Amino acid sequence: SMRFSVLASGSSGNACYVETAEARILIDAGLSGEELIRRMEKAGIDPGKLDALILTHEHIDHIRGAGPLARRLNLPVYINGLTLRRALRTLGNLSRPVVFRTGQPITIHGLCVETFTKCHDAADPVGIVVHADGARLGIITDLGRSTPVVEDRLQGCHALVVEFNHDEKMLDEGPYPLELKRRIKGPEGHLSNAQAGGLLKTLRHDALSTVILGHLSETNNHPEKAIQASEQALSGSRVKVLVSDQACVLPMMDVAA
């Protein structure tokens, strides 16, 4: 079976761990290397058994600890070419970089990682679907708007990590400067609760069992508002909904086909 845990999600750092009996990967490493190791150990994960690190884009809240962690654990780092170019200064020397093309699947000990393009203000950001033995986990945060590509790639997932970044009214009335508000609300920014709910409604199906609400703004959102939007989208289903945040490691969860 496939299992996963969201170690952190939000503008201060993001990381998601996925494992099968044969493979163990970390998707993004936006906390310090020391903190990532501490959180993995807290979740009962042995960092020394990681097989790979996969980076979705170059923003610091996704790559902060990637270089130190990769060097400490001698990990291959899977990254597309444009992201590598932009991230090089932060990452430092990588002994085992593995450059992939967006859209190219990655296979690690039988675990397949599909990558696809998404709209965000980064060089070449990717969404991800991880699958093994029919079980599918989709991870889509840092998304300015949904697209047919996103909706097509995420169809049929049994578990999803979806961005519910902001409540539109809270953002409009909040303390952020106008330029930052425009960036967040823009087509290359972040999904609002309403937009994320719309995407979830498109992706819901009878075999979807778990949805993690990710990348909530601490300033422009409340977990209750995000949950309400997700429940409206999933009305009548038995999907388990959890909210991830910066401070807490979510428990390991099964992804069952």
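Which residues have the most contacts inside the largest nonpolar core?

Reply: The model is a predicted one, in which local features need pLDDT of at least 70 and side-chain atom pairs count only at pLDDT 80 or more, while totals for chains, interfaces and linings use all residues. Residues are numbered from 1 along each chain as its sequence is written, and side-chain values use heavy atoms, with hydrogens and water left out.

The residues with the most contacts inside the largest nonpolar core are Met 2, Phe 4, Val 18, Ile 25, Ile 27, Val 130 and Leu 137, and this core has 29 residues. A nonpolar core here is a set of buried Ala, Val, Leu, Ile, Met, Phe, Trp, Tyr and Cys residues joined through side-chain atoms within 4.5 Å; buried means under 20% relative accessible area, exposed over 50%, and partly exposed in between (1.4 Å probe, protein chains only). Strand β9 (residues 126–132) gives the most to this core, with four residues. Helices (H or I, at least four residues) and strands (E, at least two) are DSSP runs, numbered from the N terminus. A second, separate core of 26 residues includes Ala 29, Leu 36, Leu 53 and Leu 94.

Strand β9 also belongs to an open sheet of seven strands, ordered β7-β8-β9-β10-β11-β12-β13 with mixed pairing; two strands pair if DSSP finds at least two bridges between them. The edges are held by β7 (106–108) and β13 (240–243), each with a single partner strand, so one side of each is left without a neighbour in the sheet. Within the sheet, β10 and β11 pair in the parallel sense over four bridges. Leu 137, named above for its core contacts, has Ala 159 of β11 as its bridge partner.

Helix α8 packs on this sheet, touching β10, β11 and β12, and its direction makes about 160° with that of β11. Contact means heavy atoms within 4.5 Å, and axes are lines fitted to C-alpha atoms, for helices over the stretch in contact, with angles running from 0 to 180 degrees between N-to-C directions. The buried residues of α8 (residues 193–203) are Asn 193, Ala 196, Gly 197, Leu 199, Leu 200 and Leu 203. Seen down the helix axis, these buried residues fall within an arc of 160°, so they line one face of α8; the arc is that of the directions from the axis to the C-beta atoms. The face turned away carries the exposed residues Ala 194 and Lys 201. The cover over the buried residues of α8 includes α5 (148–153) and α9 (223–233).
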